[in-house]
Amino acid sequence: MGGPHAQEDLPDGAEAFYDAGKLACVALDTVTGPQLFLSGFPLAESDPEQGRRFLLDRTVEHGNWVP
């Protein structure tokens with residue numbers, strides 16, 4: 001990942017990226033990494049379209065917008 005981001009390798013195949021000292025992104029290795037859930041929805045190993053729809057719906061529910 002280019003740019004001014006700092007990177008931290010976490011256990012179990014996850015990586016954290018920071019911008020100006022604040023967490024900007026968490027990346028998972030869907031083959032070796034951990035399974036993470038957001039409000040009960042599996043973020044890895046799920047159908048990409050279902051994941052996209054879930055994230056868009058959740059964003060709208062919480063008053064934010066994603067292009």
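Reader: What separates Arg52 and Glu49 in helix α1?
Author: Arg52 and Glu49 are three residues apart in that helix, which means about one helical turn lies between them. Helices here are DSSP runs of H or I with at least four residues, strands are runs of E with at least two, and both are numbered from the N terminus. This is a predicted model, where local features need pLDDT of at least 70 and side-chain atom pairs 80 or more, while totals for chains, interfaces and linings use all residues. Residues are numbered from 1 along each chain as its sequence is written, and side-chain values use heavy atoms, leaving out hydrogens and water.

Reader: What makes Arg52 and Glu49 a salt bridge?
Author: The closest N and O atoms of Arg52 and Glu49 are 3.7 Å apart. The cut-off asks for a side-chain nitrogen of Lys or Arg within 4 Å of a carboxyl oxygen of Asp or Glu, so the pair passes.

Reader: How many salt bridges does the structure hold?
Author: Two. Arg53 and Asp57 also meet in one, at 2.9 Å from N to O. They sit four residues apart in helix α1, about one turn of the helix.

Reader: Why is Arg53 called partly exposed?
Author: Its relative accessibility is 39%. Buried means under 20% relative accessible area and exposed over 50%, with partly exposed in between (1.4 Å probe, protein chains only), so Arg53 lands in the middle class. Asp57 gets that label at 34%, Arg52 at 46% and Glu49 at 47%.

Reader: How many aromatic pairs are there?
Author: One. The rings of Phe41 and Phe54 have centres 4.5 Å apart and planes at 10°.

Reader: And what makes the pair of Phe41 and Phe54 stacked?
Author: Rings of Phe, Tyr and Trp (its six-membered ring) pair if their centres lie within 6.5 Å; planes under 30 degrees apart count as stacked, over 60 as edge-to-face and the rest as tilted. At 4.5 Å and 10°, Phe41 and Phe54 meet both limits, so they are a stacked pair.

Reader: Which parts does the pair of Phe41 and Phe54 tie together?
Author: Phe41 lies in strand β5 and Phe54 in helix α1, so the pair links parts 13 residues apart in sequence. Both Phe41 and Phe54 are buried.

Reader: How many helices and strands does the protein have, and what pattern do they follow?
Author: One helix and five strands, running β-β-β-β-β-α along the sequence. Of the 67 residues, 13% are buried.
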